[in-house]
Amino acid sequence: MLTKRIIACLDVDAGRVVKGVRFLDLRDAGDPAELAAAHSRAGADEIVLLDISATHQNRATLLDAVRRAARELFVPFTVGGGIRSLEDAAAVFDAGADKISINSAALADPTLITRIGERYGSQAVIVAVDAKRLPDGNGARWEVRSAGGRKPTGRDALEWVREAESRGAGEFLLTSMDRDGTGIGFDCELTAAVVGATSIPVIASGGAGGAQHFVTVFREGRADAALAASIFHFGLNSVAELKQELRAAGIPVRWPC
Amino acid sequence: MIAIVDYRAGNLVSVKKAVDRLGFPCAITSDPAVVERAEKVIVPGVGHFAVTSTLDETGLRAAIAGAIERQTPFFGICVGMQWMFDSSEEAPGACGLGVFPGQCTHFPPEVKAPHVGWNQLEVEGESSLLRGVASGAFVYFTHSYRAPLVAGTVARCDYGGAFSAAVERGHLFGAQFHPEKSGDVGLTILGNFCRL
């Protein structure tokens, strides 16, 4: 049976992991390569490395971190942040990433989705969508934000995912700007709306505060995967513990792993 | 030396990295002469079946066919495995190797396509490729087309019906999933091929 994926996310600034660094038995908890390997051993189905600095001068540092992390990883490995061109994507793929995640650059130039997909395959192109709920009118609506969620774009989230899919996106990484960092649970209404609007996999992100939230986003949100960014901040020690709770709730997960 | 054939069908770094980790000399190549001399040949590939026509245009198809005739072990991964069949609905004009019969078809509308993620193998019968891999083992898939069940099917997977997850005949092997991205199970499978 196709399982629901738990994806570990590492936020990296200047080559160091800056979030979710609490992990047992690591010599260097801030090292992306070591953390990525540890998450993989603990049962993460995929690893995402997100460069939150994404400045030009830190690019070489990031690529070095990607290269070292990739050496230890034999599960799918995604890199996002600061990818603005086919050349940026190529550098990340050459360093060992399996997929890239693009957000603002895809909004600015949607042909980027197609160009990366034609060279590396659609499965390698994740379009990250940061969605913010609009004030209630006739039914729920969400606006896409760019620039790390800071900039309103005026675009409807469902309309954007349809366009991105038609241009060759392989998966969506959907973050609720309303829920991100709150710990009150994923926005299942948003997730289900996006799942209903597209046929490609949707990774839910933003708002997780406990294992039950994952159960809900898989059941009610119909998400294909969920991002566990700050899993260690809410009392679970590893992806393995989260997966055990999901199994107990009847959610199909890769186990043992 | 193991030749990992580059025909511009995606990123081959992961396959090379996995073979490197297993400790076998390998090289990514698009040179037919290198393929002809190789001890083993891996044809990976992601994306559209039509891209396999690059193999025809570059002389790689002839080199691979020659290697297969000389009993060089061959491993097709993902689109590389689909290419071992006659054809695919995805690109009806493109001609596969035809070492396994039949056409690859799109998933039925009842299930979401592409099929992305970890799914289980149902191992059937004896297999050199899957030595040490039990039924129920999880591997990573990402594809929209699937190969039919054939006499050479050594593992099936169920998603909108059963399809060939791994095929084997003599020195010819194929995997629809990505062994290089399937954790320890994947490395076992890749290792089985490399050690032949």
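Predicted model: local features only at pLDDT ≥ 70, side-chain atom pairs only at ≥ 80, totals over all residues.
## A briefing on chains A and B

In chain B, three strands make up an open sheet with mixed pairing, in the order 5-6-10.

- Strand 6 (residues 103-106) of chain B runs antiparallel to strand 10 of chain B, and two bridges join them.

- Helix 1 of chain A is mostly covered, with seven of its ten residues buried.
- Those buried residues are Pro32(A), Ala33(A), Leu35(A), Ala36(A), Ala38(A), His39(A) and Ser40(A).
- Their cover includes strand 1 (5-13), strand 2 (16-17), strand 3 (46-51), helix 2 and helix 9 (239-248) of chain A.
- After helix 1 of chain A comes Gly43(A), which has a positive phi near 110°.

**How helix 1 meets helix 2 in chain A**

- Helix 1 (residues 32-41) and helix 2 (residues 59-71) of chain A pack at an angle of about 35°, and their axes are 8 Å apart.
- The crossing of helix 1 of chain A with helix 2 of chain A is right-handed.
- On the helix 1 side of chain A the contact uses Pro32(A), Ala33(A) and Ala36(A), which meet Ala65(A), Arg68(A) and Ala69(A) in helix 2 of chain A.
- By class, the residues of this contact are five nonpolar, no polar and one charged.

**The nonpolar core**

- As background, nonpolar side chains tend to be buried together in soluble globular proteins.
- The largest nonpolar core here has 150 residues, and those touching the most other members are Ile7(A), Ile100(A), Val127(A), Phe172(A), Ile203(A), Ala226(A) and Ala228(A).
- Leaving aside residues up to four places away in sequence, Ile100(A) touches several residues, including Val79(A), Ile83(A), Val92(A), Ile116(A) and Ile126(A).

**Where chain A meets chain B**

- Chain A brings 25 residues to the contact and chain B brings 26 residues.
- On the side of chain A that touches chain B, helix 2 and helix 3 (86-94) of chain A each supply at least two residues.
- That side of chain A is made up of twelve nonpolar, five polar and eight charged residues.

How values were computed
Residues numbered from 1 in each chain as written. Chains lettered and ligands numbered in written order. Axes fitted to C-alpha atoms, helices over the stretch in contact; angles between N-to-C directions. Helix = DSSP H or I, 4+ residues; strand = E, 2+ residues; numbered from the N terminus. Left-handed = near helix turned anticlockwise from the far one by under 90°. Contact = placed C-beta atoms within 7 Å. Nonpolar A, V, L, I, M, F, W, Y, C, P; charged D, E, K, R; others polar. Pairing = 2+ DSSP bridges. Buried ≥ 20, exposed ≤ 12 C-beta atoms within 10 Å, placed from the backbone. Core = buried A, V, L, I, M, F, W, Y, C linked by C-beta atoms within 7 Å.
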